[in-house]
Amino acid sequence: MSGNIDFKAEIALRKSLVQVALGREDADVLLQVGRLLDTGTATWIDGADIAMSQGRIAFVGPRGSFTGQAKTTVDRKHLDAVPGLGEVHKHIESSHITPEFEAALVLPRGNTWTCEASHELSNVLPKRTLDFWLAARDAGSPLKIFPLPGSAVPPTGWEHGAYLDGTDQAGFMASPMTAGLDEVMDWPAITQRENPGHDRLWSMIGATMAARGVVEGHGAGLRDLPNINAYAAAGLASDHEAWTAEEAWDKLRHGLFVEIRVHTMDDIIKGLIERGLTDWSQVAVTTDDRSATDTLRLGAADYNVRCAINAGLSPEIAVQLATINPARHMRLTPWVGSVTPGRFADLVLLEDMDAFSVSEVWADGQQVSKGANYLLDPVKIDWPDWARNTVNIGRALTPDDFAIQAEAGRTDMQAPVLRPFHWSDEVPVRTLPVVEGLVQRDAAQNITKFSIIDRYSGKAAVTKMFWLGCGPKDADTALCCSMGHDKHNVWCVGSSDEAMALAVNELAKMGGGWVLVHKGKVTARVRYEIAGLMTARPAAENDAEMRALYTAADDVDWMYEPSFHPRWQPGFPERLAIATLTCAPWRWNLVAKSDHAPEGLIHVVTGETRPVVF
């Protein structure tokens with residue numbers, strides 16, 4: 001039985017499971033495996049029989065212990081079984097494919113349930129958050145999605161547009177599928193009563209707690225003990241932003257659930273082992289953000305488990321970090337996290353436990369994959385206009401929209417310049433030339449132009465300023481994208497205003513995605529027609545477009561300037577999509593035009609604004 005959880009139907013289903021467990025009603029399937037991992041004890045049941053009914057587990061025991069009958073018996077005695085893997089914190093939007101195609105991508109890689117961290121989709125379609133994330137499961141998709149509506153809507157109190165507060169969250173929490181509140185990122189709004197986001201954000205935390213939901217956190221850069229204590233005191237239950245074992249250890253010791261991403265996993269797990277951690281129940285592995293291209297190359301939740309094993313954990317504990325631990329943290333154990341009665345009949349069957357080599361995956365009591373192949377057709381969803389028509393710039397832009405005017409009579413102007421991931425309160429100022437009344441880029445100083453285009457208001461509102469070391473050196477070249485964390489306005493970087501206008505206008509025609517203009521011509525497009533963040537097409541099609549973009553970008557000569565972020569690298573500046581964040585540890589950044597910040601340059605902690613030239 002697929003579909004989202006409905007408590008009335010849930011009780012009727014569980015009454016039936018009782019009868020199957022007692023042998024009074026037939027099971028649909030009796031699956032016989034070589035051994036089954038019990039995630040509650042991290043021990044194995046050798047020669048296990050698993051009886052399934054209506055997509056749920058009805059009975060688990062050693063071979064021959066089930067006293068009832070099954071309509072079908074399936075022999076998998078040569079394979080090990082573990083529960084379907086869960087994602088405690090994942091932005092499906094970062095896969096860039098819609099949930100029905102996400103299922104086809106991740107289920108063969110062991111991922112059967114996901115706690116969707118929805119601050120991206122919620123910034124685009126705030127009131128439709130649950131409508132969107134529950135649609136695929138309602139249509140019969142085997143992937144269970146437990147949404148956490150976005151707390152960062154808007155990302156800071158200094159930004160405008162989409163808005164969610166405690167009243168909205170209380171409504172979301174009425175759904176049994178809603179697990180809680182997505183990562184609380186605006187730390188100044190939590191700690192400063194005078195911050196314009198303070199009341200809104202605390203109202204969302206309160207509504208979540210009132211419904212006994214989980215308030216997820218985002219503690220980037222919060223490593224000192226006063227802030228860690230304050231963070232825990234606020235009720236923020238987790239952090240996925242720890243970069244070192246010391247930081248993870250301190251946060252564990254202050255009651256936080258630590259979610260480890262793969263790029264820090266080796267160091268953190270080894271460091272926690274060295275510190276003597278024996279109880280791993282407050283730890284999970286998580287994906288956070290991973291594109292379809294990277295998932296095809298590396299894996300999904302299965303890759304996270306392999307990384308944990310390679311870092312030194314036993315396979316049994318590594319699996320707990322992707323099953324029972326996140327299920328307990330998210331208060332979802334009645335449905336996921338273990339192969340035990342009443343839970344969804346979701347299992348990963350393994351050829352080699354130590355290598356975590358997936359042979360097949362079962363979901364809702366049926367086999368859904370063999371090897372890397374998905375055996376079902378993705379469910380069909382005709383996404384409505386509200387999901388498709390989300391890029392509303394208002395009109396075609398012109399080069400004048402990207403021009404920066406100089407003061408009359410000036411031959412040069414002073415300009416504050418940001419570099420990507422500018423985490424400092426200090427902003428360097430450079431002198432830039434003026435030509436025909438317009439302030440110019442200066443390639444000799446590694447300075448280009450960066451802009452944010454409001455894609456919601458329909459007012460053709462463009463903010464622009466000069467950035468350091470992140471754009472194209474080639475003439476008449478620009479790159480733009482409708483994925484710009486966390487507000488997800490369109491951003492554009494370019495060597496000419498003409499190229500920037502061309503790129504953004506092409507993106508608007510597609511309804512979102514990526515556009516690369518090189519020397520005056522469009523050389524690559526990637527289409528994200530759903531919410532400007534995803535495409536309703538298979539992963540392979542999105543991957544092909546991304547690879548074509550990478551190939552076209554290889555022909556461009558890109559600027560580069562070292563930044564604070566260790567993953568900012570020379571070449572194609574793909575990570576500009578997260579350089580527009582306004583959460584900790586960011587300080588100054590460019591945001592969409594507002595009454596508070598008409599030129600868009602703002603200190604996201606204090607709300608201070610500055611002119612982009614003076």
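Contact means that heavy atoms lie within 4.5 Å of each other. Keep that in mind for this predicted model.

**Helix α16**
- Helix α16 covers residues 497–510, which makes 14 residues.
- From its first C-alpha to its last, α16 reaches 20 Å, close to the 20 Å expected at 1.5 Å a residue.
- Because 10 of its 14 residues are buried, α16 is largely enclosed by the rest of the structure.
- The buried residues of α16 include D497, A499, M500 and A501. Also among them are A503, V504, N505, E506, L507 and M510.
- These buried residues pack against the strands β20 (447–453), β22 (478–481) and β23 (490–494). They also pack against β24 (513–518) and β25 (521–527).
- Just after the helix comes G511, with a positive phi of about 85°.

**Nonpolar cores**
- The largest nonpolar core has 123 residues.
- F356, W491 and W514 have the most contacts inside that core.
- A second, separate core has 37 residues. L181, A189, I190 and A234 are among them.

**Residue Q32**
- Q32 sits in strand β1, which spans residues 27–38.
- Its relative accessibility is 13%, under the 20% cut-off, so Q32 counts as buried.
- The side chain of Q32 makes a polar contact with the side chain of K77, at 3.2 Å.
- Leaving aside residues up to four places away in sequence, Q32 touches A48, D49, R63, T73, V74, D75, R76 and K77.

Methods. Residues are numbered from 1 along each chain as its sequence is written. This is a predicted model: local features need pLDDT of at least 70, side-chain atom pairs count only at pLDDT 80 or more; totals for chains, interfaces and linings use all residues. Side-chain values use heavy atoms; hydrogens and water are left out. A nonpolar core is a set of buried Ala, Val, Leu, Ile, Met, Phe, Trp, Tyr and Cys residues joined through side-chain atoms within 4.5 Å. Buried means under 20% relative accessible area, exposed over 50%, partly exposed in between (1.4 Å probe, protein chains only). Helices (H or I, at least four residues) and strands (E, at least two) are DSSP runs, numbered from the N terminus. The expected span of a helix is 1.5 Å times one less than its number of residues. A polar contact is a pair of N or O atoms within 3.5 Å; within protein, one must be able to donate a hydrogen and the other to accept it, and residues adjacent in sequence count only if both atoms are side-chain atoms.
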